[in-house]
Amino acid sequence: MGSKALSGVRVIDMTHVQAGPTSSQLLAWMGADVIKFEPPTGDITRQQLRHDPNKDSLYFTMLNSNKRSITVNMKSPGGREVFEELIRKSDVIMENFGPGVLERLGYTYENLSKINPGIILASLKGFGSSGPYALYKAYEPIAQAMGGSMATTGFPENPPTITGAQIGDTGTGLHLAIGILAALYHRTHNDGKGQYVEAAMQESVMNLCRVKFRDHGRLMGGKGALSEYSRPTMGLTSVPRAGNDSGGGQLGNCIPCKPHGQNDYVYMVIQEAIWPVIARTISGEELVSDPRFATIGERRKNQAELWKLISDFAANYTKFELTALFNEKDIPCGPVMTTEEIANDAHVAHREMFVKVEGHPQGDYYTVGMPIKLSEGNVDKILPAPMLGADTDEILREVCGFDDAKVTSLKEMGAFTNPPKKAK
Ligand SMILES: CC(C)(COP(=O)(O)OP(=O)(O)OC[C@H]1O[C@@H](n2cnc3c(N)ncnc32)[C@H](O)[C@@H]1OP(=O)(O)O)[C@@H](O)C(=O)NCCC(=O)NCCS
């Protein structure tokens with residue numbers, strides 16, 4: 001066993017698209033041996049949104065680094081034999097197939113645990129395995145729509161809006177990874193017993209929208225108002241879109257800066273204790289005691305005037321100048337940064353959050369780095385995503401323990417070739 005946090009843990013990663021692969025990639029970065037178990041046609045994202053028609057897409061390579069790839073046709077007897085042998089040799093199986101897919105292939109948690117009682121089956125679904133929506137497929141925007149995010153994102157006068165963050169896919173992947181780690185811990189302390197772990201996209205989005213449901217409770221069915229919102233809320237029975245209101249106990253807003261381009265804004269939060277400093281900075285001593293803004297309650301009521309005063313001051317600075325000026329005075333704020341600005345940012349580089357991945361047969365590429373830092377645990381280097389089936393032979397021999405004759409006979413049984421097309 002090596003010295004990484006998850007060294008010695010083997011994961012059969014049957015996940016595809018985004019939600020599952022981002023989750024298993026985190027486990028790989030913590031040191032697990034993650035075997036990407038693909039149909040012979042490969043994870044569909046290898047071919048989606050390609051920036052070069054002859055290369056695996058960034059959609060695939062940025063979500064599947066530090067994994068090995070085996071291709072197996074699960075719809076052949078030979079493929080099932082390989083799968084079952086891998087189950088015996090593994091700790092975790094991860095999947096985010098559509099509803100009922102694994103069962104149709106003949107595998108439930110019950111029969112998988114008969115093959116290996118220690119196995120942890122981790123499933124990511126749109127809506128979980130039970131309930132009225134259990135049979136619905138799901139993609140990111142569907143989860144955002146049904147988890148409370150779309151109705152509360154954007155401005156009230158505009159249609160419901162999707163957030164740029166992938167809270168349905170990657171957000172659910174995070175929840176799944178936490179569940180897997182808990183199940184591994186439980187197994188260690190309970191005689192090696194595995195379990196079934198499930199994370200649902202609607203539920204993960206709801207969890208990430210927890211403060212919106214806080215506000216839902218505060219509306220009290222139309223009898224309560226949300227005083228921090230910049231628009232009237234009395235009488236509403238569900239939480240409205242709040243534009244750029246901060247959503248916390250402190251006031252906040254996006255302030256335009258020079259030269260007033262699309263992303264020339266600073267988001268600032270007016271912390272209660274820091275108001276006198278802000279007032280002195282943008283105006284002078286008289287603003288500190290101005291009755292329109294002297295208390296948080298007054299500032300909430302008069303926030304349109306307040307934001308105008310701050311915006312007039314901010315118009316003399318670029319977003320980076322204003323951020324530096326405010327931060328010197330301990331005023332919490334940050335510039336709205338474009339992907340280009342983030343990719344070239346010195347702090348991001350220092351934290352290794354946008355890194356070059358070297359050694360992919362189709363060329364180097366950049367990826368978003370590991371957001372969880374473990375002083376004793378992460379892999380030393382982000383390695384390129386595997387080419388389709390690149391490690392099939394190695395895994396069959398090293399992990400399954402199959403010899404040449406066995407591999408040849410499995411090949412003859414169609415274990416590694418395309419499954420037949422489904423009859424329509
Ligand atoms: C994402 C999703 C909508 C894609 O739907 P889809 O392209 O129809 O794919 P499914 O997962 O439903 O089905 C995969 C098929 O490939 C087959 N397959 C998968 N791996 C295989 C293998 N190694 N060998 C043979 N067949 C394989 C499955 O058996 C299934 O076939 P079936 O329809 O005959 O049962 C669906 O997987 C889903 O709802 N997943 C759960 C939610 C989720 O993760 N969404 C986020 C995506 S980022």
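Trainee: Of the contacts in the protein chain between residues at least 6 apart in sequence, what percentage join residues at least 24 apart?
Mentor: 66% of them do. Two residues are in contact if their C-beta atoms, placed from the backbone, lie within 7 Å.

Trainee: What kind of model is this, and how are residues numbered?
Mentor: This is a predicted model, in which local features need pLDDT of at least 70, side-chain atom pairs count only at pLDDT 80 or more, and totals for chains, interfaces and linings use all residues. Residues are numbered from 1 along each chain as its sequence is written.

Trainee: How many helices and strands does the protein chain have?
Mentor: There are 18 helices and eleven strands. Both are DSSP runs numbered from the N terminus: helices are H or I with at least four residues, strands are E with at least two. The C-alpha atoms of the chain fill a box of roughly 90 × 50 × 45 Å along the principal axes.

Trainee: And what share of the 424 residues is buried?
Mentor: Buried residues make up 35%. A residue is buried if 20 or more other C-beta atoms lie within 10 Å of its own, exposed if 12 or fewer, and partly exposed in between, with C-beta atoms placed from the backbone.

Trainee: On to sheets. What is the order in the open sheet of six strands?
Mentor: The order is S3-S2-S1-S4-S5-S6, with parallel pairing. Strands S3 (67-71) and S6 (196-200) are at the edges with a single partner strand each, so one side of each has no neighbour in the sheet. On average, neighbouring strands here are turned by 20 degrees against each other, direction ignored.

Trainee: What counts as a pair of strands?
Mentor: Two strands pair if DSSP finds at least two bridges between them. Strand S1 (residues 10-13) and strand S2 (residues 33-38) are joined by four bridges, and Ile-12 stands opposite Ile-35 in S2. S4 and S5 also pair over four bridges, with Met-94 opposite Ala-122 in S5. Between S5 and S6 there are five bridges, and Ser-123 faces Glu-198 in S6 as its opposite residue.

Trainee: Is S5 covered on both faces or one, and which residues are involved?
Mentor: Both faces are covered. Ile-120, Ala-122 and Leu-124 lie on one side, with Leu-121, Ser-123 and Lys-125 on the other, and all are buried. Six of the six residues of S5 are buried, so the strand is largely enclosed by the rest of the structure.

Trainee: Which strands does H7 lie across?
Mentor: H7 lies across strand S4 (92-95), strand S5 (120-125) and S6, and runs at about 165 degrees to S5. Axes are lines fitted to C-alpha atoms, for helices over the stretch in contact, and angles run from 0 to 180 degrees between N-to-C directions.

Trainee: How do H1 and H7 pack?
Mentor: Helix H1 (residues 19-29) and helix H7 (residues 170-188) pack at about 45 degrees, with their axes 8 Å apart. They are therefore oblique to each other; under 35 degrees counts as roughly parallel, over 145 as roughly antiparallel, 65 to 115 as roughly perpendicular and the rest as oblique.

Trainee: What residue classes are in the contact of H1 with H7?
Mentor: Residues of H1 including Leu-26 and Leu-27 meet residues of H7 including Leu-176 and Ile-180. By class, this contact has seven nonpolar, six polar and no charged residues. Ala, Val, Leu, Ile, Met, Phe, Trp, Tyr, Cys and Pro count as nonpolar, Asp, Glu, Lys and Arg as charged, and the others, Gly among them, as polar.

Trainee: At what angle do H7 and H8 cross?
Mentor: Their axes cross at roughly 95 degrees and come within 9 Å, H8 being residues 201-208. That makes H7 roughly perpendicular to H8. Gly-171, Thr-172 and His-175 of H7 make the contact with Met-201, Ser-204, Val-205 and Leu-208 of H8. These residues divide into three nonpolar, four polar and no charged.

Trainee: Different topic. How is the sheet S7-S8-S9 paired?
Mentor: The pairing in this open sheet is antiparallel. Strand S7 (251-256) and strand S9 (333-335) are the edge strands. S7 and strand S8 (residues 265-270) pair over six bridges, and Pro-256 stands opposite Tyr-265 in S8. Helix H14 (residues 319-328) lies across S8 and S9, at about 160 degrees to S9.

Trainee: Last one: where is Asp-403 found?
Mentor: Asp-403 is in the loop between helix H17 (392-398) and helix H18 (404-412). Asp-403 counts as exposed because there are 9 C-beta neighbours inside 10 Å.
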